Amino acid sequence: MTVAGPSDERALASLLAASGDEELAQLFAARRLAPSTPAQDFFDVAATLLSDVSIDRALTRLAAPELAALASAQAEPVAPPLRAALASRALLDADGVPFQAVRSRLAERAGSEAFASPEVSPLVPADPQSAAAAAERAFEQVASLADILLAATSAPLSRTGAGAVSATERRRLIDDGAVASSEQLEDLILLGADAGLLSDEDRSWQATDAAPEWLDSGTSERWGEVATAYVRALPDALRTPEGGFLPPPVWPGVYRLDPEWPDQAAALTRRGVLWGVLAEDGVLPWTAQLSSTGEVDTRTLTAALPPEVDNIYLQADLSAISPGPLAPRLEQRLRRMATRETRAQASTYRFTAESLTAAMSGGESAESVHAFLSEISLTGIPQPLAYLIDATAARHGAIRVGTDAATGRTVVRSSSPQLLATIGVDQSLRPVGLVEHEGALVSRAGRDAVYWSLVDARYPVVAVDENDQLERVVRRTTRQAATEPPPREQYGALIAALRGAQSGDADAAWLERELEQAVRTRAAIDVTVSLPDGSTRVFALEATGLGGGRLRGLDRAADVERTLPMTSIVSVSPR
């Protein structure tokens, strides 16, 4: 175990005290100091940061160049290019030399390959076959993420205690053809979260308010937004000063003292390959600028993708066929009124009474459905489909959900007693607790919750306000992606407490700390005291108490207990 010397603790405490609040907050965040750390003053914080556990944790988060510079410095100042980065983690003293405690922890790893400077070789352009495969993969994953967002918009994707999407949600998305595997689902969710399209809230993934705009964008724009966010979310050590990123082959060796990093690097690489940002053999044509500057140019990707279409064929069997990738804005609306049966460059959809009911519950009408389909259909609207639309609209609204003004409870009414009876025994509606009351169904659940439960169960339901007028209900989404509070906010209370305990006389504060530690351990110390005649005298004591401005200690040589005023003590040193 390494013990930080008093000079280290005092030097670091002085550096911390002289730092600004924002600088302190950034340092505490970089060293992952708990905001609830029970520190009484800057000396306590310095002791914590110079402990073995804290230093080891800091070393595992150093990139290979920083680690190599720190190891080579030893008793010499670190070179300027990396000096600021290491000083911002409280690993260097005011002269740029590693603290003794840091040098001791490094010495235990002497001879480790972790201290070797990494070699970075530029990537060459990917071969045409690899680029074509990446373009196809990008097209497919954009569509898959859209499916996930639509599912999360309809209802949050619940998560297990371990953080993965629940088995029920996972199976539903795989069965619907949105994704092919659990790993793909988790990777796409993390990509969507990095782009601010999904938010982890209440142990579920929810679509954010940014999701609808993304869903209405073209394929290339969708891809570019997520690709840019992916690069922006990479760890700083993988980024270049220009905003790009290092070649993926060097990623596994960046954090060489972190045993978990190789798996993390592999996961980052896998997500990059999945989204078409990375290729295993070089730089993709549409990521050359992204890899060097962090800015995306999707023109080359657009040229590699199949062209989008804005028309479909409507069939008499109530199906719709898209002859190519349907423009996202049109496809999103079509999927609100029809169920997708197959997904490919030429997809098929099917209209049913249930799908049209859901569309009308979401704000569509017979007129708006007719107008939309007439606009995009190359074959007009077949008579069977026109009849289904009109018949569904006629039935829609057979169930009305509102709030009783007197009781505040949600009330479900219908002119069809048989329909109400069916709803009353529907097991999928048990969570909202509907019970029969005076020819209606009532629930303690909120109106919107009951409404969406009925919509999800495919009932022809409408919501009404207090005047029994139709009211459109929008399913709740998170306002924005969840973000971690900035360091200044996280550490505000701790920094304020440290500032409040800060003494104007740093020497006196440090002396008192040394004496307190000596008393706590009953240490043998040499106490230098200033005498009235101006001379000094050293007493060898076993510290026994401190209070009232005086130090008490047992003088073994004279076999007496001495009491020394704090104001007369010049210095203290261990025996």
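Helix 2 passes helix 23 in a right-handed crossing, meaning that the near helix is turned clockwise from the far one by less than a right angle. This is a predicted model, in which local features need pLDDT of at least 70 and side-chain atom pairs count only at pLDDT 80 or more, while totals for chains, interfaces and linings use all residues. Residues are numbered from 1 along each chain as its sequence is written, and side-chain values use heavy atoms, with hydrogens and water left out.

**Where the two helices meet**
- The axes of helix 2 and helix 23 (residues 492–501) come within 10 Å and cross at roughly 125 degrees.
- Contact (heavy atoms within 4.5 Å) is made by Asp21, Leu24, Ala25 and Phe28 of helix 2 with Leu494, Ile495, Leu498 and Arg499 of helix 23.

**A closer look at helix 2**
- Leu24, Ala25, Leu27 and Phe28 are the buried residues of helix 2 (residues 21–30); buried means under 20% relative accessible area with a 1.4 Å probe, protein chains only.
- Seen down the axis of helix 2, its buried residues fall within an arc of 165 degrees, so they line one face of the helix.
- Arg32, which follows helix 2, has a positive phi, near 55 degrees.

Notes: Buried means under 20% relative accessible area, exposed over 50%, partly exposed in between (1.4 Å probe, protein chains only). Helices (H or I, at least four residues) and strands (E, at least two) are DSSP runs, numbered from the N terminus. The arc is that of the directions from the helix axis to the C-beta atoms. Axes are lines fitted to C-alpha atoms, for helices over the stretch in contact, and angles run from 0 to 180 degrees between N-to-C directions.
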